[in-house]
Every structure is written in C-alpha cells, then in structure tokens.
Amino acid sequence: MGRSGAFGGSVVLWALLAAHVAMAFEPVSVGIAIGAVSLTGYLSYSDWYCRFTECCREDRPLNASALKLDLEEKLFGQHLATEVILKALTGFRNNKNPKKPLTLSLHGWAGTGKNFVSQIVAENLYPKGLKSNFVHLFVSTLHFPHEQKTKLYQDQLQKWIRGNVSACASSVFIFDEMDKLHPGIIDAIKPFLDYYEQVDGISYRKAIFIFLSNAGGDLITKTTLDFWRAGRKREEIQLKDLEPVLSVGVFNNKHSGLWHSGLIDKNLIDYFIPFLPLEYRHVKMCVRAEMRARGAAVDEDIVTRVADEMTFFPKDEKIFSDKGCKTVQSRLDFH
Ligand SMILES: Nc1ncnc2c1ncn2[C@@H]1O[C@H](COP(=O)(O)OP(=O)(O)OP(=O)(O)O)[C@@H](O)[C@H]1O
Ligand SMILES: [Mg+2]
C-alpha cells in the first residue's frame with residue numbers, strides 16, 4: 001500500500017514536472033513557429049490561426065480535383081449527379097462575384113445518395129463537414145413538424161439564416177425532405193435565394209442552399225427503366241432526357257409542393273440534380289464500401305448475401321433496389 005502510494009505520488013510529481021517542462025518549452029516553440037511564419041511569409045496569420053480553429057474562409061477556392069475524386073470513388077451509379085455537382089460547385093466557388101447564392105435541388109428515389117452527396121459536398125467545403133459551424137442541416141419533419149407553428153418557424157429560420165450568413169457569407173444550408181416542407185417555410189427562405197445585392201445590409205450571394213427531395217423520383221425511375229428495357233446503357237442517360245419529364249411531373253404539376261413554392265417559377269433553383277435508382281451491382285458496391293469503412297476485408301460471399309436480401313422492382317424484372325443502399329449498413333450487422 002505504502003509502496004504503491006509512494007509510486008503513485010512519484011507519478012504525480014513526474015507529471016507535474018513534465019507539465020512545467022512542457023509549459024517552459026511551449027512559448028519557445030510557438031515563438032519559433034511565429035518567427036518561421038513571418039520569416040518565410042508562406043503562411044499568413046489567418047492560415048496559421050485557422051490551423052487551430054475552424055474558419056469560414058469564404059474566398060478559399062474549392063479543390064475541384066479532390067471533390068471529383070471523392071465523387072468518383074464514393075458515389076456509385078450517379079454519373080449525372082457527379083457531373084452537375086462538380087460543375088455547379090467549382091463554377092460557383094471560382095466566381096469572385098456571384099449574382100445570387102447557389103441553389104441545388106437534388107431529386108430521386110430513396111437511398112440513392114442524396115444525403116450522402118450533401119455530406120461529401122459539405123466535407124469538401126469545410127473539413128468538419130456536417131459538423132462544421134458553417135453547415136446547417138434542416139429536416140422538415142424534425143425541425144418544422146407542426147403546421148400550426150409555421151409563423152414561428154418562419155421567424156426563427158429567417159433569423160437563423162441571417163445570423164449565420166452575417167457571421168460567414170459562405171454558409172451552407174441543407175433542407176432535407178423538401179417535399180414535406182410547408183410552402184410557408186419555403187416562402188420564408190425565398191428572399192435569401194434571389195438576385196438581391198443585399199437584404200437588410202447582408203449579402204447572401206456567397207451562401208449555398210441544397211434542397212433534397214423524393215419529388216420526381218418515380219419519373220426518374222421510369223426513364224431509367226425505359227433505357228434499360230431498350231437495351232441502352234444507364235450512362236447514356238443525359239440531363240436532357242430527364243428535364244422534360246421532371247418539368248411536367250414536378251415543376252408544372254400543381255399538386256407538387258415545389259410548384260406551389262414558386263421557387264421554380266422565379267428561376268431561383270440553379271441546378272436540378274437527378275439521382276437514378278440503384279441496381280443490384282451498385283448495392284454490392286455499397287456493401288463493399290461499408291466493409292472497407294469498418295476496416296474489414298471484403299468477403300464476396302457476404303457481399304452477395306447482403307445484396308440478395310434486398311428487394312428489387314419492378315416485379316418481373318427486379319432491376320432497381322427498393323431502398324437503394326439505405327439498409328445496407330444495418331443488414332451487414334447480421335453477417
Ligand atoms: N449512390 C450511392 N453511392 C454510394 N453509397 C450510397 C449511394 N446511395 C446511398 N448510399 C449509401 O446509403 C446510405 C443512405 O443513402 P442516403 O441517405 O444518401 O439516401 P437518400 O437519397 O438521402 O434517401 P432518402 O430519399 O430515402 O432520404 C448512404 O449513407 C450511403 O452509405
Ligand atoms: Mg435522405
């Protein structure tokens with residue numbers, strides 16, 4: 001007991017001494033770092049400061065090749081989304097003087113990668129991704145559940161957007177389940193999306209708004225199925241094959257929430273981004289990716305078993321996964 005007490009005491013003493021030594025050296029190393037910075041001029045004060053704390057850095061250009069690599073390696077079966085997102089983001093971030101904020105509207109079937117892509121985009125803009133102080137995710141059913149509270153939500157949301165954009169002009173706002181969002185709430189964000197130079201002294205032109213919805217997912221699926229039935233490759237599908245379908249089915253459809261919002265009428269959405277339904281081979285790719293992410297070796301038997309457990313449609317051909325890659329993670333837990 002006595003020995004262990006003495007031993008414990010010496011550990012504490014050693015730790016205290018070590019702390020003193022560290023404190024004694026710390027200012028020196030910091031001084032050296034600052035000296036090196038000012039001598040070389042390679043790192044500005046803000047570069048140096050931003051190594052230790054998260055910074056907004058609205059003028060930092062986007063690393064387009066890193067984003068391209070991320071999308072190509074991680075996002076499966078979405079050649080259109082990859083192409084449009086890359087083009088939209090690099091164009092926007094390289095433009096020193098955008099005339100309006102960037103607004104992207106992501107559409108598609110369940111589990112096809114809309115939230116996943118938002119995460120990749122967020123991480124490429126801010127290293128902390130969705131956890132960044134400059135990235136804000138709203139989920140309609142979670143954050144705006146009660147229709148009778150629409151007025152309150154409108155006020156809160158406008159204050160939130162205003163406050164955050166005045167703190168960081170290149171803030172990112174992601175609205176999930178956009179098709180379930182009350183039109184009144186969409187109305188509340190509309191002024192921020194427009195071509196105004198400033199609204200109450202604040203410019204929103206460097207902000208990014210991303211809207212996610214299932215609206216049009218069935219029509220995108222139908223076109224993808226038509227290509228498959230005609231023996232044409234999925235990668236042959238072009239934006240122009242989907243635009244007319246979406247414009248009739250979603251944007252000019254008076255029953256669609258998006259039509260009611262007037263966002264489309266006023267051309268406030270810069271890019272409509274379709275997500276295609278995922279096939280058996282894509283589900284397998286998702287299983288492999290998940291195994292690698294868990295640090296496990298890829299076992300093809302398990303990959304096949306997990307993919308076989310998913311359900312596919314239409315009834316006869318069974319081509320597209322009902323839930324995309326959505327339940328892959330939980331199914332993998334059983335193997
Ligand atoms: N195209 C894809 N490529 C790679 N992984 C994907 C893809 N689609 C989905 N996944 C995987 O499945 C998970 C669920 O997908 P995600 O949440 O992005 O779907 P979603 O399109 O938002 O669906 P929902 O409309 O139902 O919300 C992702 O976290 C990702 O791991
Ligand atoms: Mg989603």
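Which of the 17 residues around ligand 1 come nearest? Select G111, K114, N115, N214 and K326 and you have them; a residue joins this set if one of its heavy atoms lies within 4 Å of the molecule.

Before you click further: this is a predicted model, so local features need pLDDT of at least 70, side-chain atom pairs count only at pLDDT 80 or more, and totals for chains, interfaces and linings use all residues. Residues are numbered from 1 along each chain as its sequence is written, chains are lettered from A and ligands numbered from 1 in the order in which they are written, and side-chain values use heavy atoms, with hydrogens and water left out.

**Stop 1: polar contacts**

Here the pairs are N or O atoms within 3.5 Å. Show the side chain of N115: one of its N or O atoms is 2.6 Å from an oxygen atom of ligand 1. Taken alone, ligand 1 exposes 630 Å², and the protein buries 85% of that (Shrake-Rupley areas, 1.4 Å probe).

**Stop 2: the shell**

Now select helix α5, residues 114-125, which gives the largest share of the shell, 3 residues (helices are DSSP runs of H or I, at least four residues; strands are E, at least two). Colour by class and you get 7 nonpolar, 7 polar and 3 charged residues, with Asp, Glu, Lys and Arg as charged, Ala, Val, Leu, Ile, Met, Phe, Trp, Tyr, Cys and Pro as nonpolar, and the others, Gly among them, as polar. Colour by domain next: domain 1 (64-275) and domain 2 (280-333) each supply at least three shell residues, with bounds from an automatic or database assignment.

**Stop 3**

Most residues other than glycine have a negative phi, and most peptide bonds are trans. Go to F313 and P314: the bond between them is cis, omega near -5°. P314 sits in the loop between β6 (312-313) and β7 (320-321). Finish at R57, whose phi is near 45°, in the loop between α2 (45-49) and α3 (64-74).

Key:
Polar contact = N/O pair within 3.5 Å; in protein donor to acceptor, adjacent residues only side chain to side chain.
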